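Welcome, and please have your viewer ready. We will go from stop to stop, selecting a few residues each time and looking at what is there.

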Amino acid sequence: MQPRNMSMSGVVDLAAVKAAQEAKEKAEQARAAAAREGGGSGGVSPADLVIDVDEAGFERDVLQRSTEVPVVIDFWAEWCEPCKQLSPVLEQLVVEYNGRLLLAKIDVDANQMLMQQFGVQGIPAVFAVVAGQALPLFQGAAGKEQIQQTLDQLVQVAEQRFGLTGITVDPDARPGAAQADAPVTPVGPYDALLEAAVQALDAGDFGGAVQAYKNVLSDDPGNSEAKLGLAQAELLQRVQGLDPQQVRKEAAEKPADAPAQIAAADLDLVGGHVDDAFGRLIDTVRRTFGDERDAVRVRLLELFEVVGADDPRVIAARRALARALF
């Protein structure tokens, strides 16, 4: 079977999760931080870049991981001879990309539902999931050079348009070891800048607080205190001057209007109604398309930062968002 659909046009046409320039700057900052930290500590093993995925683990291993690294999916079967030619090439290439891609191998005989959901007509078939969005890459066996060109485009688009810079690979890491096991060496200190941001917040100078937190993150993109503070300061800056009664009236009258629902969700969160804010935006993701849908999704991710990644409400909402997007 000859390969077809060897094109990245589908990815390029997807609306960006972030503005291209913002994503590019974020990627550059992340690479700089990794270089300062030595690049290898706390990473995954090269063996962890190629994983077997089934229906039970698809949401966790593919959809959720696709928010940090593009996930290439190889649909295969034991009886498929072209699969036996293609799979080793994909595995080798993904390892060579050194954390900028992840390969998920799906046995179609054991996972018929996933095969149907992706509309797979024949195998081998290769797809990608980027920031929760699925797209076809090609079907049939293909040469290494041709595949590499497609993967190059996938990596480029994921970085520039979605801000996905991949995951850190440590050749000495144990296969399956959690990245969180290794201590992260802080860059800094940034006590003065962080204190300035807090003082600005206390004074109601939300713009000044935003800038102070951004100053920290420009040097140390992984600084958790600055990331949380920035998300909170930006939220407070957005709701400043809003008329709550008018915002809620518009949201009630226009359930599919992205700006109206985004503004109402901001007010929900400021008022402590976390589940209401998350539920409102997830429902709006289901009702909207294109740029509006992406704007809602971006705001929801920003609100996740305000509440904190470890909060059970955020974890549950991430799962609901993945289901709404897929």
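Begin with F58, I73, F75 and I147, the residues with the most contacts inside the largest nonpolar core, which has 55 residues. A nonpolar core here is a set of buried Ala, Val, Leu, Ile, Met, Phe, Trp, Tyr and Cys residues joined through side-chain atoms within 4.5 Å; buried means under 20% relative accessible area, exposed over 50%, and partly exposed in between (1.4 Å probe, protein chains only). Elements giving two or more residues to this core include α3 (58-64), β2 (71-76) and β5 (133-139). Helix α6 supplies the largest share, seven residues. Helices (H or I, at least four residues) and strands (E, at least two) are DSSP runs, numbered from the N terminus.

Before going on, a word on the model: it is predicted, local features need pLDDT of at least 70, side-chain atom pairs count only at pLDDT 80 or more, and totals for chains, interfaces and linings use all residues. Residues are numbered from 1 along each chain as its sequence is written, and side-chain values use heavy atoms, leaving out hydrogens and water.

Not counting residues up to four places away in sequence, F75 touches C83, I106, L114, F118, I123 and P124, among others; contact means heavy atoms within 4.5 Å.

Two of those neighbours make the next stop: the peptide bond from I123 to P124 is cis, with omega near 0°. You will find P124 in the loop between α5 and β4.

Next, show helix α4 (residues 81-96) with helix α6 (residues 144-162): their axes come within 11 Å and cross at roughly 45°. Axes are lines fitted to C-alpha atoms, for helices over the stretch in contact, and angles run from 0 to 180 degrees between N-to-C directions. On the α4 side, L86, V89, L90, Q92, L93 and E96 meet K144, I147, Q148 and L151 of α6. By class, this contact has six nonpolar, two polar and two charged residues (Ala, Val, Leu, Ile, Met, Phe, Trp, Tyr, Cys and Pro count as nonpolar, Asp, Glu, Lys and Arg as charged, and the others, Gly among them, as polar).

In the loop between α4 and β3, pick N98. N98 is not a glycine, yet its phi is positive, about 55°. It is partly exposed, with a relative accessible area of 46%.

Finish at helix α7 (residues 191-202) and helix α8 (residues 206-219), whose axes lie 7 Å apart at an angle of about 165°.
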